[in-house]
Amino acid sequence: MPPQRDWLEKDFYEVLGVPEEASQADIKKAYRRLSRELHPDANRDDPRAEERFKEVGEAYSVLGNEDKRKEYDELRRLAASGAFAGGFPGAGGPGGFTFAEGDLGDLSDLLGNLFGRGGGFTGARRARRQRKGADLEADVHLSFEDALRGVTTTLRVTGAGPCDTCQGSGARPGTSPSVCPTCRGAGQVAVDQGPFSIAQPCPQCGGSGQVIDDPCPTCDGTGRQVKPREIRVRLPAGVKAGARIRLKGRGGPGENGGPSGDLFVRVSVAKHPVFGRRGDDVTLKLPITFSEAALGTRLTVPLPATSNGDQRTTTIKIPAGTASGRTFRIRGQGAPTRNGRGDLLVTVRVDVPQKLSKRQKDLLRELAQLEDTSARDRLLAGAQ
């Protein structure tokens, strides 16, 4: 909770029943004690207890935080010194302290602009406000292999950047911005408000501290223009489809020396004719014949390509009696991860031929006469 106007109207130390020099531990102890005593569940017939319970919570939210407590103590010290003799902030009236236009419920800027930690108006100039550059987004389309092994690619993005004509100065080439005559480069001016002055952004330069007498014809004096540009980026090995990668500092340039924005890259990955992806594992669906599933065999299967593009294979053993849909795991042959690699998951599928020769049909009919159907017969009998 930032400093509020009514902080000056409330004595949070009195609410908690602790002295101003109380330690943070004492404040916490007092808060816990009062919270138990005033909890609404323990005082159902006492509406005043509920109000006190809320007051205690508000007081602790300020005094229980060391930074907020310092701001609160400073405001109380200023009030005690007579700085607000004509009334609290916002009260107005002769001799009173009034805020600038608008609702200044948050007093954080007031403390920074008006009062140094030693009290009183500092009069020091503040540096021009730095602003982070805009974040940009780009799409990249990768092949399955590039997503696995990582790739360096060039992205074409469109966003704000320094003007090519004035190199970001905003002034016509051959000229330079000049110091603002109103604020003398400070970017702020002091506006009298009763006995104090409030620093506000300079109306002439808008807070930049500079004025441009001869603006650049390309960017109209902004120093920036929206333009396409190319960015070389490295996408990590194992990147997944749908990933959104943040490249810090590769976005739009900052203002007044502020940091550049970030570039967010959305990744899409093309389908592979053989391999698939399941998290960090690579998948492969392998057709086998009925005889291979029944009798068992050894088969050569492809592995995902290495980072240098080498095509590799390995041999897996299909045990006799393998059912269609069984998956075999080949460890360490999947997608790269931070801690190693995923696995290759090979799922076999018994391929039923659509067309058979006369010889094949004769052999299958002979096999059918020898096949054991007792398991199916028992199942059907149990259903009757």
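Modeller: The count of salt bridges comes to 22. Note that this is a predicted model. One of the pairs is Glu137 with Arg266, whose side chains meet at 2.1 Å, N to O. Glu137 belongs to strand E1 (residues 136-142) and Arg266 to strand E9 (residues 263-269), so this bridge ties together parts 129 residues apart in sequence. Glu137 is partly exposed, at 42% relative accessible area. Arg266 is also partly exposed, at 33%.

Next, take Lys227 and Asp164. Their closest N and O atoms are 2.6 Å apart. This pair also links distant parts of the chain, 63 residues apart. Lys227 is in strand E7 (residues 224-235), while Asp164 lies in the loop between strand E2 (151-162) and strand E3 (178-179). Lys227 has 15% relative accessibility; the cut-off for buried is under 20%, so Lys227 counts as buried.

Arg349 bridges to Asp351, with 3.9 Å between the closest N and O atoms. A salt bridge requires such atoms within 4 Å, so this pair qualifies. Arg349 is partly exposed, with a relative accessible area of 43%. Asp351 is partly exposed too, at 40%. Elsewhere, bridges that share partners join Lys132, Asp135, Arg246 and Asp262 into one network.

For the setting, the protein chain holds nine helices and 17 strands. Of its 384 residues, 33% count as buried. Among contacts between residues at least 6 apart in sequence, 62% join residues at least 24 apart.

Definitions and conventions: Residues numbered from 1 in each chain as written. Predicted model: local features only at pLDDT ≥ 70, side-chain atom pairs only at ≥ 80, totals over all residues. Heavy atoms only, no water. Helix = DSSP H or I, 4+ residues; strand = E, 2+ residues; numbered from the N terminus. Buried < 20%, exposed > 50% of the residue type's maximum accessible area, 1.4 Å probe, protein only. Contact = heavy atoms within 4.5 Å.
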